[in-house]
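Please examine the sequence and the model shown below before reading on.

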Amino acid sequence: KMSRGTLDIKSKWEMSYKGLKFLASPTPFRHLGFFSEQASHWDFIEESIKIAKRSIKFLNLFGYTGVASLFALRAGAEVTHLDASKQTLAWAKENQSINPDLKNLPMRVIEDDALKFLEREEKRGNKYDAIIMDPPKFGRGPKGEIWKIEEMLPQLLDKVKKVLSDKPLFVILTSYAIDSSSLSLGYALSE
């Protein structure tokens with residue numbers, strides 16, 4: 001809706017990619033609720049899970065509005081979607097609800113700090129076959145926990161390693177607006 005040349009940020013519009021629907025809306029952070037450059041990841045996630053021909057447990061850390069989670073869900077994975085923001089988790093649930101074929105499929109949607117969640121999953125012995133994570137440069141957990149990627153990425157990757165199954169399908173790490181190159185992220189992930 002336009003009002004005196006400004007966009008009403010409460011408005012949402014429906015988008016779709018390869019038959020999967022999701023909502024877009026301008027946010028205070030100049031995002032639209034999805035990152036189109038991650039479409040290649042969505043394709044990879046869905047195809048990898050489909051061709052695995054086995055039960056796959058998928059974990060989306062810093063899951064935002066859940067588009068990657070929906071592609072994993074559509075491919076048949078058991079999905080756990082985690083973010084620290086109640087608003088984006090509500091948006092992820094809304095994105096699931098507008099897809100009739102996915103509407104009633106189980107997707108665990110959890111509000112939590114990623115590091116604390118991974119610690120508990122390790123203690124419970126829960127393992128995941130496929131993990132995607134898109135940690136921010138800086139953020140806050142639901143109880144005010146502070147996240148700084150330069151300081152905490154090694155700890156995050158160590159915890160991810162501990163919840164990775166014996167037969168992992170993939171681990172995807174993306175990050176934006178950081179002071180290091182994609183090579184440094186690649187080296188951190190390979191370790």
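## An aromatic cluster and a parallel sheet

Tyr17, Phe22, Trp42 and Phe71 are linked into a cluster by ring pairs; rings of Phe, Tyr and Trp (its six-membered ring) pair if their centres lie within 6.5 Å, and planes under 30 degrees apart count as stacked, over 60 as edge-to-face and the rest as tilted. The model is predicted, so local features need pLDDT of at least 70 and side-chain atom pairs count only at pLDDT 80 or more, whereas totals for chains, interfaces and linings use all residues. Residues are numbered from 1 along each chain as its sequence is written, and side-chain values use heavy atoms, with hydrogens and water left out.

The structure holds six aromatic pairs. One of them joins Phe22 and Trp42 edge-to-face, with 5.9 Å centre to centre and 65° between the planes. Because Phe22 belongs to strand S4 (residues 20-24) and Trp42 to helix H1 (residues 39-52), this pair ties together parts that are 20 residues apart in sequence. Helices (H or I, at least four residues) and strands (E, at least two) are DSSP runs, numbered from the N terminus.

Phe22 is buried, at 2% relative accessibility, and Trp42 is buried as well, with a relative accessible area of 4%. Here buried means under 20% relative accessible area, exposed over 50%, and partly exposed in between (1.4 Å probe, protein chains only). Of the 191 residues of the chain, 47% count as buried.

The chain has six helices and eleven strands. Strand S6 (residues 78-83) is mostly covered, with five of its six residues buried. S6 runs parallel to both S5 and S7, as the table sets out; two strands pair if DSSP finds at least two bridges between them.

| Strand joined to S6 | Bridges |
|---|---|
| S5 (residues 57-61) | four bridges |
| S7 (residues 107-111) | five bridges |

Asn60 has His81 in S6 as its bridge partner. From S5 the chain crosses through helix H2 (residues 67-74) to S6, and this β-α-β crossover is right-handed. A crossover is right-handed if, with the strands pointing away from the viewer, the path from the first strand over the helix to the second runs clockwise.

On the side of S7, the bridge partner of Thr80 is Arg108. The chain passes from S6 through helix H3 (residues 86-97) to S7, again in a right-handed β-α-β crossover.
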